[in-house]
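Have the picture open while you read.

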Amino acid sequence: MVHFSYPHSITTWEELKTKFLQEFYPASKTTEIRKAIQDFAQKPNEEFHDAFERLKELLRSCPHHEFPRWQHVRFFYDGFDTANQTMINASSGGTIMMQDNEDAWRFLEQLSHGSKTNYS
């Protein structure tokens, strides 16, 4: 099999990823979304499930944010007031930040789903 290369061709996944990010996620946009993720906070009168969905949307809007899962949990947890943090910890059977990263995220997913069911 013969492979031809054309000038300016993209020949690797890394090149494609780089070109895509340069085109659709300039540094300024990436910085703006990363900051919004890091500074996440529940809005006044925002339901738990709505806040969780909003954080997930921020994470999806910047797929190359490079925050590990434990930080997703931390950003979400830190974005709540003490009363809600206490509720999260009590519901998780202890301290959510002491759980495995993926287990903590799944727990928040379940808590969010339960919250939505209770309020809808």
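Q: What is the radius of gyration taken over, and what is the globule rule?
A: The radius of gyration is taken over C-alpha atoms, and the globule rule is 2.2 Å times the number of residues to the power 0.38. The model here is a predicted one. For a compact globule of 120 residues the value would be near 14 Å, but this protein chain has 19 Å. Its C-alpha trace spans about 60 × 30 × 30 Å along the principal axes.

Q: What makes up the secondary structure of the protein chain?
A: There are six helices and zero strands. Read from the N terminus, the elements go α-α-α-α-α-α.

Q: Why is the contact between Lys56 and Glu109 called a salt bridge?
A: The cut-off is a Lys or Arg side-chain nitrogen within 4 Å of a carboxyl oxygen of Asp or Glu. The closest N and O atoms of Lys56 and Glu109 are 3.2 Å apart, so the pair counts. Lys56 sits in helix H3 and Glu109 in helix H6, so the bridge ties together parts that are 53 residues apart in sequence. Glu53 joins in too: Glu53, Lys56 and Glu109 are linked in a network of salt bridges.

Q: How do you know whether Lys56 is buried or exposed?
A: Buried means under 20% relative accessible area. Lys56 has 13%, so Lys56 counts as buried.

Q: Why is the aromatic pair of Phe52 and Phe76 called edge-to-face?
A: Ring centres have to lie within 6.5 Å to pair, and planes over 60 degrees apart count as edge-to-face. Phe52 and Phe76 are 5.1 Å apart, centre to centre, with 80° between the planes, so both tests are passed. The pair links distant parts of the chain, with Phe52 in helix H3 and Phe76 in helix H4. Both Phe52 and Phe76 are buried. They belong to a cluster linked by ring pairs, along with Phe40, Phe48, Phe80 and Trp105.

Terms used: Residues numbered from 1 in each chain as written. Predicted model: local features only at pLDDT ≥ 70, side-chain atom pairs only at ≥ 80, totals over all residues. Heavy atoms only, no water. Phe/Tyr/Trp six-rings, centres within 6.5 Å; stacked < 30°, edge-to-face > 60°. Helix = DSSP H or I, 4+ residues; strand = E, 2+ residues; numbered from the N terminus. Buried < 20%, exposed > 50% of the residue type's maximum accessible area, 1.4 Å probe, protein only.
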